[in-house]
Amino acid sequence: MKRRNFLAAAVVLISTAGLTACSGAAGPAENPGAGAAGADGKTNLSIAVWNFAGTPEFKALFDAYEAANPNVKIEPIDILADDYPEKVTTMLAGGDTTDVLTMKNVIDYSRYSGRGQLLEVTDTVKSLDSTNTAGLETFAQDGKYFAIPYRQDFWLLYYNKGIFDAAGEKYPEQMTWEQYNALAKKLTTKKDGKPVYGTYHHTWRSVIQATASAQNDGDLVSGDYGFMKKMYENALDLQNAGAALDFGTAKSQQTGYRSMFETGQTAMMPMGTWYISGIAQAHKSGASDVEWGLAPMPQNSATGDVTTFGSPTAFAVNKNAKSADEAVKFLAWAAGADGAKAITAIGVVPALQGDAITEAYFKLEGMPTDDVSKAAFLPKTVKLEMPVSEFASDVDAILNEEHELVMIKDHSIEDGIAAMDKRVKSEVLN
């Protein structure tokens with residue numbers, strides 16, 4: 001997904017003068033439900049979400065929608081984040097009538113839409129500003145749409161200014177992976193007898209595999225994974241040098257990436273843009289005193305171009321929704337100007353793009369204001385974290401299993417990649 005000006009996509013604080021909010025007057029939903037009215041006469045709209053209390057974008061969206069639509073009462077269906085995909089899968093299989101389902105990733109979207117469990121919203125998509133809605137094409141299936149993105153995240157590099165200052169090192173700008181590894185080793189130290197790591201790689205396979213795929217024109221559902229070799233070498237080099245917390249420890253102790261960064265245990269950390277709102281909130285509340293900045297993801301070579309990966313988050317309407325009409329209206333609203341404004345105000349990156357928004361976004365309390373942090377929002381290319389494919393879910397499970405075996409050194413890199421190739425081809429593709 002090439003971006004002419006991704007900064008605009010990432011920093012949409014939409015002004016009503018520049019963009020027109022989408023209304024619910026788009027084409028009718030397939031088999032729409034008129035809506036379930038509550039005792040107060042309002043339309044009840046149930047929306048499945050994860051970790052409602054710890055995910056401020058949901059409350060921001062719901063409060064704003066209710067304010068704009070006083071005849072609607074939103075009921076969050078709160079599910080534990082780790083249980084969310086399995087729980088929603090079970091709900092849909094059992095004929096659950098929750099109106100709106102948040103699509104946590106495109107793997108789940110592929111599964112639900114492929115099973116015919118989501119309402120088609122193609123007519124609504126046609127009413128949107130499709131040119132400026134990042135990630136929209138991700139949800140196209142043979143010209144039809146069953147979900148609409150409201151946010152678009154991508155990966156960049158967070159860093160702790162205090163650790164850099166103490167080491168007398170310049171803040172990171174655009175780096176190669178070789179420079180990144182060398183810097184992480186230099187920044188590794190101890191504080192009060194405890195290790196402070198040069199960087200932290202979370203246990204998700206995407207940290208290595210999706211980065212390698214994006215920066216080497218790889219395909220994660222292809223069954224050919226030789227493009228991952230160098231990234232695994234880089235990651236294990238850092239782990240072996242003690243410059244990054246080893247995978248086995250992070251996994252067994254269920255280490256949180258937020259705690260690693262917010263308590264000053266790491267100088268750098270590749271992570272998605274969703275964490276901007278989290279670290280800004282922690283800083284504002286006094287939960288963390290880390291002075292932080294942003295830099296582009298490291299690259300294979302110093303060409304000046306930045307390629308990273310990302311993923312949209314979307315809302316979809318349950319095929320069995322009780323309030324399907326209102327649900328479709330909500331999808332259009334969340335993807336439009338007012339929805340974008342609601343989540344941008346708390347530092348979340350919306351899907352809807354706009355111009356002349358950078359300054360407003362970086363004026364949000366707690367945001368870094370240096371030029372490099374702003375430039376981090378200008379990657380030339382943002383590739384999809386995992387392709388939309390009927391095979392995505394099964395491939396994801398295999399890649400995750402083999403990733404863990406490589407990172408705990410149960411398999412060599414070569415053996416791990418060979419196992420990925422063989423298993424994906426034999427167990428999924430053939």
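Q: What should I know about the model before we start?
A: It's predicted, so local features need pLDDT of at least 70 and side-chain atom pairs count only at pLDDT 80 or more, while totals for chains, interfaces and linings use all residues. Residues are numbered from 1 along each chain as its sequence is written, and side-chain values use heavy atoms, with hydrogens and water left out.

Q: OK, how many aromatic pairs does the structure hold?
A: There are 27, where Phe, Tyr and Trp rings (six-membered ring for Trp) pair if their centres lie within 6.5 Å; planes under 30 degrees apart are stacked, over 60 edge-to-face, the rest tilted. One of them is Tyr65 with Phe330, edge-to-face at 5.2 Å centre to centre and 85° between the planes.

Q: Which parts does that pair tie together?
A: Tyr65 is in helix α2 (residues 56-68) and Phe330 in helix α13 (residues 324-335), so the pair ties together parts 265 residues apart in sequence. Helices here are DSSP runs (H or I, at least four residues), and strands are E runs of at least two, numbered from the N terminus.

Q: Switching topic: which residues do ring pairs link into a cluster?
A: Among them are Trp50, Phe52, Tyr65, Phe330 and Trp333.

Q: And what sits over the ring of Trp50?
A: The charged end of Lys104, 5.2 Å from the ring centre. That takes NZ of Lys or CZ of Arg within 6 Å of the ring centre and within 35 degrees of the ring normal.
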